[in-house]
Amino acid sequence: MSKGLNRYAILVACATFFLIIAGALVTSNDAGLATSDWPLSNGQVFPKMVGNLFWEHGHRMVATTIGVLTIGLMFFVLFKESRSWVRKLGVCALVLVIAQGLLGGLTVKLMLPLAVSAAHATLAQLFFCTTISLAVFTSKSWIEAKPIQEEKGSLPLRYLCTVALVTILLQLVIGATLRHSATWDKHLPVELVLAHIGGALAVVMALGATSFTVLRRHRGEKYLTRPAMLASSLLVVQLFLGLAAYLTRLASPNDPQPLNPMISITVAHVACGALVFATTIVLTLRVFRVLPANELAVNLTARRHGAIEI
Amino acid sequence: MEEFALDLPGQAVDVERARLSWRERISAYLELTKPRITFLIVLTSAAGFGLASRSGIDYLGLVSSLFGIALLSSGIATLNQYAERDLDGLMRRTASRPLPSGKLLPWEALAFGVSLTVLAELYLLVLVNPLSALLGLTVIAGYLFAYTPLKTRSSLSTVVGAFPGAVPPLIGWAAARGTIDVGGWVLFAILFLWQFPHFLAIAWMYREDYTRAGILMLPVVEPDGRVTAQQIVVYTLMLLPVSLLPTVLGMSGRVYFIGAIVLGLLFLYASVRAALSLSRQRAKKLLLASVLYLPLLFILMVANK
């Protein structure tokens, strides 16, 4: 285990979170087409950061930094890590960040088509997921974690966590599609708004059930209860941010240009969504780490003996 | 469906349940929905809807919205009792509720609560409007994920719980208008402030119960009641000027203005008396005053629109 590698992986994950915020600022400021040029901005490596070019070129600069950091991460993993699957994940991170960069370029070149822009926003979350996973896998707590043998319950926590994670990812995809489907001066499409709120309900149910089950079954196991509590607390914040973002977005078509507080609240909603996703990833990975894989079999045996807990 | 053992003695529960007739079972399910609280929530939502309606009240829309809100309130109340079934069993006030008394099994309450909540949210989303459903989600999350777990961790849970608790009139407002204006936030503020004297009176009356269950209400944390008394008076005092804002903003007329002053002073009188003695009897009177004050204030507000 390398403490340095873990610290570096955490740094890359934090920087990626910052990149998500920088990307969200481009969308909310409607700055995606501040320059139609790519990879250069208006034919220059470092143009004058005026107007919306500040957001678009700023995003490109942050993204380039993350690209360089990810190359470093891959080599760090390849040199320091002995587990082959972690090494593969390190290579995977670099492939993802290159694909993400190309997709970003394609978005600009094709003048922000919905499918490409939404895919760019979704791939950002998947790359974030990879960096978070690398930070978890290289941590001391992961390597030294001991399996928890006693697992009571009719529904395996592994299933609940997976359902919650997939639901959140789908919700992020819907959210990204909603954001890119209409600029600030147009009303949001009703079908997508309905889908995003319906998705929020699904996330509330799935993540709520997961966190509640973790806290009930594994009280005292901070390795599991901490991310569970953090994820559900962030979800509460996220819902209030979603409400605020919706209210400000309802009024934005009357504005002469994208304005605050709509911009900051919407960006905060995107950022908090990424954090909910990240904490749920940590929870899911840890659950898979410490709870036995044959949990379902254990539960079915328990069920036959009538000792079931929910 | 299998039996879920949990921490209740299985056989005793089965015997208890076997004795229940259909009528008793329905009544137990109804009890899970906390009908009195649901009624109060529906009433404040109706006021929100009425005040937000610009050109006459759309009665069909009103009934439809209130139906969705009542479903949501019932679902959240049920899920709250499911989550707190162990704590409820430790308190005399709540020991006879359907779950701790064994009238219903936890999975029955869970299935009932989830069904009601999901149905309510989908109803609000599709048949009312997206904003009301979104507000509903903040209540679900705020109440179940923030307030409920905080109750055994901090006395600040009352403040946290007051946020989702004050949302119902906003849902009514959003259902009528599709957006939230300053008037909606005034209703939110009234309900937010009202909850403090209301809940602190309950907490003072049942502080021994709360202590037994480890629920950190203010009177449990500071048994001499000094801060509780201060907070009861301060929040009621703040409520008085805020309750006049509907007239200032042109939402209600002069009759409401005078009525709000009279009701506010009476409520303040009950608060001061309760704060001075902090006896169970005075706290009970304050509780009664609070549950009379709120419906009267909202009815007056809508009547004198």
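Two residues are in contact if their C-beta atoms, placed from the backbone, lie within 7 Å. The views below come from a predicted model.

**View 1. Contacts in chain A join residues across the sequence.** Take the contacts in chain A between residues at least 6 apart in sequence. Of these, 74% join residues at least 24 apart. Burial can be followed in this view too. Of the 310 residues of chain A, 43% count as buried.

**View 2. Chain A is built with 10 helices and 0 strands.** Trace the chain along its sequence and the pattern reads α-α-α-α-α-α-α-α-α-α. Along its principal axes, the C-alpha trace of chain A spans about 70 × 50 × 25 Å.

**View 3. Chain A carries two assigned domains, domain 1 (1-144) and domain 2 (149-310).** Their C-alpha centres lie 22 Å apart. The contact between them takes 22 residues from domain 1 of chain A and 24 residues from domain 2 of chain A.

**View 4. Helices of domain 1 of chain A meet domain 2 of chain A.** Look for α1 (3-28), α4 (114-137) and α5 (140-144) of chain A. Each of these elements gives two or more residues to the side of domain 1 that touches domain 2. Which element gives the most to this side? It is α4(A), with 11 residues. By type, the residues of this side of domain 1 of chain A divide into 13 nonpolar, 8 polar and 1 charged.

**View 5. Chain B is assigned domain 1 (12-180) and domain 2 (182-305).** The C-alpha centres of these two domains of chain B lie 21 Å apart. Domain 1 of chain B brings 27 residues to the contact, and domain 2 of chain B brings 27 residues.

**View 6. Helices of domain 1 of chain B touch domain 2 of chain B.** The elements giving two or more residues to this side are α3 (35-52), α5 (85-90), α8 (157-165) and α9 (168-177) of chain B. Find α3(B) in the view. With 8 residues, α3(B) gives the most to the side of domain 1 of chain B that touches domain 2 of chain B. How many residues of this side are nonpolar, polar and charged? The division is 15 nonpolar, 8 polar and 4 charged.

Definitions and conventions:
Residues are numbered from 1 along each chain as its sequence is written. Chains are lettered from A and ligands numbered from 1 in the order in which they are written. This is a predicted model: local features need pLDDT of at least 70, side-chain atom pairs count only at pLDDT 80 or more; totals for chains, interfaces and linings use all residues. Domain bounds come from an automatic or database domain assignment. Helices (H or I, at least four residues) and strands (E, at least two) are DSSP runs, numbered from the N terminus. Ala, Val, Leu, Ile, Met, Phe, Trp, Tyr, Cys and Pro count as nonpolar, Asp, Glu, Lys and Arg as charged, and the others, Gly among them, as polar. A residue is buried if 20 or more other C-beta atoms lie within 10 Å of its own, exposed if 12 or fewer, and partly exposed in between; C-beta atoms are placed from the backbone.
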